[in-house]
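Colleague: I would like to go through this model and ask what stands behind each label. Please set the values against the criteria as we go.

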Amino acid sequence: MAISSSPIASPLGININTKLAASSSFPNLALFNLPSKPTNRISTIVLSSYRNGLTSEDKKALFEKYGLDPNQFPSQPSSSSPSLKTKRRKEIQNPGRGKQVREEDGEDKPQRTTHRLLQVLGGKAKRKKLLSPKGMDVRPMMEVVKGSAFDILQAAGGCPASLRPGRWLDLYSGTGSVGIEAISRGCSEVHFVEMDPWVVSNVLQPNLECTGFLDVSVIHTVRVESFLECAEQFVVILCAGQDSAFDFISVTPPYTQVDYGILMDQISKSPIVGEDTFIVVEYPLRTDMLDSCGCLVKINDRRFGRTHLAIYGPEWAQKKRKK
């Protein structure tokens with residue numbers, strides 16, 4: 001499916017694309033253009049900002065004039081205060097020390113940067129380097145785990161050299177390395193679900209551009225839980241009337257931030273899962289994973305150090321593997 005790379009937002013807050021929306025059976029769906037790099041800005045109203053300042057009585061009268069409680073607006077430090085002068089002196093002496101101020105709460109936070117440590121393992125984009133955030137903001141799937149997962153899926157599909165064509169859903173996509181690997185190995189379309197706008201703009205989208213896969217990708221900037229809750233409504237729209245079930249689903253969440261029992265139950269009851277769907281789940285050691293996920297059965301479970309890889313699929317795939 002040819003998909004325009006122009007970012008569009010649906011009323012559900014999901015990035016979709018022009019051609020996909022145009023082919024939908026919902027012609028009256030309202031769409032809005034988004035900036036290429038989303039920003040997190042909070043609108044504020046400054047009631048008083050004077051070079052010479054105001055007395056406390058004048059400020060109180062001004063706030064009361066606008067019907068506001070002066071106690072809700074703490075006084076700003078004077079520009080002549082020692083602490084502010086010291087802070088400004090440090091900023092001048094040490095510019096660009098890798099920190100930025102968050103507009104939401106005024107706290108200092110290390111600036112987020114990227115590096116190229118990942119690569120595509122097989123297919124059309126083999127050996128292409130991918131961006132990933134420095135630090136532990138995003139934890140990409142280890143290459144040995146990713147390689148093993150695709151070997152199993154390709155063998156299960158009857159073609160060890162490549163994936164069977166189909167649609168892939170990459171949940172908790174982060175860098176997009178799993179979904180990009182899927183496109184490289186033969187998938188016709190991939191949907192990426194990633195809630196962090198910074199990761200989408202600075203990591204995921206550049207990775208799709210450098211591999212040339214932006215045209216066959218759809219990015220959903222939304223929480224996975226929200227995506228699954230609303231899947232029945234917007235997956236039908238995005239699939240232009242086709243079956244809403246995906247052929248492949250990858251689940252690679254941050255280990256400590258999800259309950260796997262609740263997450264897998266939500267996935268199993270979602271319309272995104274069909275009778276012939278394959279689900280790849282990365283999970284940590286000492287996590288109990290069920291032997292089935294809805295109508296699907298566990299066809300493989302491997303351990304890689306502290307990481308486990310479970311793959312669910314249709315019963316025919318399990319029988320084929322046993323032979």
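**Sheet, contacts and cores**

Modeller: The chain holds an open sheet of eight strands in the order 10-9-8-11-12-15-14-13, and the pairing is mixed. This is a predicted model.

Colleague: What makes strand 10 and strand 13 edge strands?

Modeller: Strand 10 (217–220) and strand 13 (292–293) each have a single partner strand, so one side of each has no neighbour in the sheet.

Colleague: How do you know that strand 8 and strand 9 pair, and in which sense?

Modeller: Pairing requires at least two bridges. Strand 8 (residues 167–171) and strand 9 (residues 189–193) have five bridges, in the parallel sense. Within this pair, Asp170 stands opposite Phe192 in strand 9.

Colleague: Which strands does helix 6 touch, and what angle does helix 6 make with strand 10?

Modeller: Helix 6 (residues 197–211) packs on the sheet and touches strand 9 and strand 10; the angle between the directions of helix 6 and strand 10 is about 170°. Helix 4 (residues 143–156) lies across strand 8, strand 11 (246–251), strand 12 (273–284), strand 14 (296–304) and strand 15 (307–313), and runs at about 20° to strand 15.

Colleague: Why is Ser250 called buried?

Modeller: Buried means under 20% relative accessible area. Ser250 has 0%, so Ser250 is buried. Its place is in strand 11.

Colleague: What makes the pair Ser250 and Asp170 a polar contact?

Modeller: The limit for such a pair of N or O atoms is 3.5 Å. The side chains of Ser250 and Asp170 make their polar contact at 3.0 Å. Leaving aside neighbours within four places in sequence, Ser250 is also in contact with residues including Trp168, Leu171 and Val280.

Colleague: Is Glu282 buried or exposed?

Modeller: Glu282 is buried, because its relative accessible area is 0%, against a cut-off of under 20%. Glu282 lies in strand 12. Contacts of Glu282 beyond four places in sequence include Arg139, Met142, Tyr260 and His308.

Colleague: Why is the pair Asp196 and Arg112 called a salt bridge?

Modeller: The criterion is a side-chain nitrogen of Lys or Arg within 4 Å of a carboxyl oxygen of Asp or Glu. For Asp196 and Arg112 the N to O distance is 2.9 Å, and the pair is a salt bridge. Asp196 lies in the loop between strand 9 and helix 6, and Arg112 in the loop between strand 5 (108–110) and strand 6, so the pair ties together parts that are 84 residues apart in sequence. By this rule there are eight salt bridges.

Colleague: How do you know that Lys298 and Asp301 fall in separate accessibility classes?

Modeller: Buried is under 20%, exposed is over 50%, and partly exposed is in between. Lys298 is at 16% and so counts as buried; Asp301 is at 31% and so counts as partly exposed. The side chains of these two residues form a salt bridge at 3.1 Å, N to O.

Colleague: What joins Lys146, Glu181 and Arg185 into one network?

Modeller: Salt bridges that share partners join Lys146, Glu181 and Arg185. In the bridge between Arg185 and Glu181, the closest N and O atoms are 2.7 Å apart, and both residues are buried.

Colleague: Which residues touch the most other members of the largest nonpolar core?

Modeller: They are Leu153, Leu163, Trp168, Leu208 and Leu309, in a core of 35 residues. Helix 4 gives the most to this core, with six residues. A second, separate core has 27 residues, among them Leu228, Tyr260, Leu263 and Ala310.

Note on methods: Residues numbered from 1 in each chain as written. Predicted model: local features only at pLDDT ≥ 70, side-chain atom pairs only at ≥ 80, totals over all residues. Heavy atoms only, no water. Helix = DSSP H or I, 4+ residues; strand = E, 2+ residues; numbered from the N terminus. Contact = heavy atoms within 4.5 Å. Axes fitted to C-alpha atoms, helices over the stretch in contact; angles between N-to-C directions. Buried < 20%, exposed > 50% of the residue type's maximum accessible area, 1.4 Å probe, protein only. Polar contact = N/O pair within 3.5 Å; in protein donor to acceptor, adjacent residues only side chain to side chain. Core = buried A, V, L, I, M, F, W, Y, C linked by side-chain atoms within 4.5 Å.
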